[in-house]
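Here are my notes on the model, point by point. Please read them with the structure open.

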Amino acid sequence: MKLSRKIALSAVAVGVLGALGNAVAAPVYEIINLDTQEYDFVGEGHGTLVNTRNGYAQAINNKDQLVGIALGRKVLKPEDVENDIIDSADGISSSVRIVNTTDKPIEGNNFAFSSSDNTPDNKDWVPVFESFNGNKAPGTPDVTNSIDSQLFAINENGIQVGSITGAQKTLPFTGDRNDNNKDQDFWFYRDYEARGVVKNGDVEIPLVPPYHTYTDKDNKKAEVGGLSMATAISDNNLVVGYASTDIADSSTGNLDNCLKSDAKEPVQVCIQDLQFANRPLPSYQIRAHAWQLKDDNTVTSIDLPLGLTPDDNSKAIYASQAIGVNNDGVIVGRSDVYRNGDKKVQRYDAAYWKKDTDGKYQYHHVPNVNDKDDRSSIAYAINNAGILVGSYSAFIEGRVRSKFFYYNTQEAGDKVVVPNDFKNSLSSLTSVPRSINNKNQVVGSIETDFSNTQVRPRAGFLFEMDSNDDKKFHNLNDLLTCQSKGYEPEGDTWKRHQVDVVDGSGKELKYSTNIQVVEANSINDDGTIVGTALITKPRYQIDKDGKPVVDPDSKKPLFELNADGQPVTALIPRMVVLKPAGSGAQACNFSDVPGEKPYVRKGAGMLFWVFALPLAFLRRRKMK
């Protein structure tokens with residue numbers, strides 16, 4: 001298929017869009033959940049859970065209920081403290097990933113949360129901890145959490161889906177003693193490292209993958225846990241994601257060693273060591289999967305076909321993932337495939353699965369922009385009109401970039417459309433869509449800098465298919481009111497809101513508020529958008545265990561200081577909720593950033609509106 005380098009839909013899609021009514025100008029947005037910056041290190045729930053550092057909103061339904069992920073305080077490695085490594089994204093010096101081993105208690109660092117509007121206790125949009133497998137809220141006294149949990153979607157019925165790890169278990173230590181483990185009493189392990197989960201009220205429904213037990217040639221068995229992930233759910237309670245269906249041949253040798261009678265560790269511990277390695281094992285055959293949730297909170301498992309048929313003697317690993325679903329049960333994602341049936345051209349391409357006349361799901365390949373040049377593609381979401389959104393990867397101006405596209409699944413053989421972005425042309429800026437609502441508005445993230453020598457900054461975007469305005473593609477930061485960008489009135493103009501904070505020693509820090517929307521992950525039919533913003537916050541000292549360093553007298557946390565003994569700030573990720581501001585609202589046309597061209601809005605404000613495996617990580621990403 002040839003690329004359609006224009007903002008034009010097929011005849012079917014035009015008819016769908018035309019039924020929506022006359023197009024209107026881009027809406028003005030206001031951030032409604034970051035109403036204060038003057039809270040302390042512990043936090044008051046503005047954009048993340050109390051006692052966590054980073055918050056990310058993942059999805060919102062049409063009842064203004066959202067789900068997200070909070071990143072806890074990560075343990076520091078001593079060598080990183082000594083080298084004074086700075087993680088500017090997390091905002092705290094020397095913040096690194098927790099390193100779990102079977103020799104020490106396992107520490108979870110990801111926490112699922114929910115949030116909503118119109119709460120009975122007037123804490124609208126304050127994140128609420130969601131417990132899984134009995135884990136406790138971060139910061140619970142005398143509790144070390146061992147479970148990682150994450151939520152990716154919520155439907156109109158308030159049913160949440162995501163993934164969790166098993167809880168920590170122990171076995172008496174029976175290994176060889178040395179100076180490092182002379183006082184060790186236990187080994188530590190979990191039954192699984194990634195398992196899909198559905199939460200309906202207080203009921204947790206685990207999505208056990210088809211393959212989770214290894215059997216060697218002597219018929220010895222070992223529980224390896226398998227892998228599953230729930231990524232989306234329709235309003236008809238159809239859950240989609242992916243799951244392990246078999247083990248890769250390359251992993252069998254390692255597991256055979258764990259099952260040997262002379263193994264130095266118990267089988268469970270040996271397997272956990274493989275899973276905690278820098279390159280975790282075992283490796284699985286991964287397939288897109290669906291589960292129909294029934295009224296009694298049980299699920300019916302549904303296999304989704306792979307985009308190719310492996311040879312009978314093939315030992316290769318093949319994968320597919322389901323990532324989005326609409327209310328008609330059309331599922332989107334990606335799959336290994338032989339492009340145009342050529343076995344010499346195997347790619348990981350965008351796909352959708354749709355029921356045939358017999359009610360059985362069939363695989364469909366999403367056309368490529370360019371069969372020869374595209375490296376891979378992926379579909380993230382689909383609306384009830386059958387329009388899916390995704391991105392493809394290709395060399396653009398000499399470097400690998402990803403570009404947003406959309407495709408109409410209701411017109412067989414239709415072309416994918418790659419919209420122009422900020423410069424009204426196909427640029428080299430990487431753009432990734434995450435969500436499309438039933439008014440054909442798309443949100444995602446896009447790079448904002450053309451530099452080839454550094455990591456490019458990103459911004460959330462809004463794309464409106466049915467807009468008659470020449471500008472259909474918007475940087476969300478250009479649609480915000482001035483207050484939502486961190487300004488406050490000063491006579492006839494604006495100024496940055498100033499924050500004055502004092503730490504436990506009495507040291508004062510003054511800084512200017514700054515808010516940048518860096519990703520938009522979901523948009524509902526009213527036009528409410530949720531995602532991630534970077535906000536300016538003080539950087540505090542933390543000890544080797546990831547806990548705040550406090551003043552012994554005041555018991556309050558201490559600022560981190562630079563070489564001159566002055567407090568420093570950083571941009572910290574926070575969950576963000578953007579609402580259309582309504583009639584009469586004005587997008588901010590003021591900027592105090594040198595060289596930044598203000599956005600001038602056209603028209604009135606009256607619009608309502610995964611991945612490496614696993615797709616969504618155990619999330620420890622850095623926002624740039």
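1. Where is the place of Asn51? In this predicted model, Asn51 sits in the loop between E1 and strand E2 (54-60). Its phi is near 70°, a positive value in a residue other than glycine. Asn51 counts as partly exposed because its relative accessibility is 21%, and buried would mean under 20%.

2. Glu397 also deserves a look. Phi of Glu397 is near 55°, again positive in a residue other than glycine. Glu397 lies in the loop between strand E25 (387-396) and strand E26 (399-408). Its relative accessible area is 65%, so Glu397 is exposed; the cut-off for that is over 50%.

3. Next, the open sheet. Four strands make it up, in the order E1-E37-E36-E35, with antiparallel pairing. Strand E1 (29-31) and strand E35 (515-523) are at the edges. Each has a single partner strand, so one side of each is left without a neighbour in the sheet. From one strand to the next, the twist averages 35°.

4. How many bridges pair E1 with strand E37 (residues 569-580)? There are three, and the pairing is in the antiparallel sense. Within this pair of strands, Tyr29 stands opposite Pro580 in E37.

5. Now the hairpin. Strand E22 (residues 346-355) and strand E23 (residues 361-365) run antiparallel and are joined by five bridges. Lys354 has Gln362 in E23 as its bridge partner. Five residues lie between the strands of this hairpin, and Gly359 takes a positive phi near 80°.

6. Then the helix pair. Helix H3 (residues 252-259) and helix H4 (residues 267-275) have axes that come within 8 Å and cross at roughly 150°. H3 is therefore roughly antiparallel to H4, as angles over 145 degrees count as such. The crossing of H3 past H4 is right-handed.

7. Which residues make this contact? H3 contributes Asn254, Leu255, Cys258 and Leu259. H4 contributes Val267, Cys270, Ile271 and Leu274. By class, the residues of the contact of H3 with H4 are seven nonpolar, one polar and no charged.

8. Last, check the peptide bond between Leu281 and Pro282. This bond is cis, with omega about 0°. Pro282 is in the loop between H4 and strand E18 (284-293).

Conventions:
Residues numbered from 1 in each chain as written. Predicted model: local features only at pLDDT ≥ 70, side-chain atom pairs only at ≥ 80, totals over all residues. Heavy atoms only, no water. Axes fitted to C-alpha atoms, helices over the stretch in contact; angles between N-to-C directions. Helix = DSSP H or I, 4+ residues; strand = E, 2+ residues; numbered from the N terminus. Parallel < 35°, antiparallel > 145°, perpendicular 65-115°, else oblique. Left-handed = near helix turned anticlockwise from the far one by under 90°. Contact = heavy atoms within 4.5 Å. Nonpolar A, V, L, I, M, F, W, Y, C, P; charged D, E, K, R; others polar. Pairing = 2+ DSSP bridges. Buried < 20%, exposed > 50% of the residue type's maximum accessible area, 1.4 Å probe, protein only.
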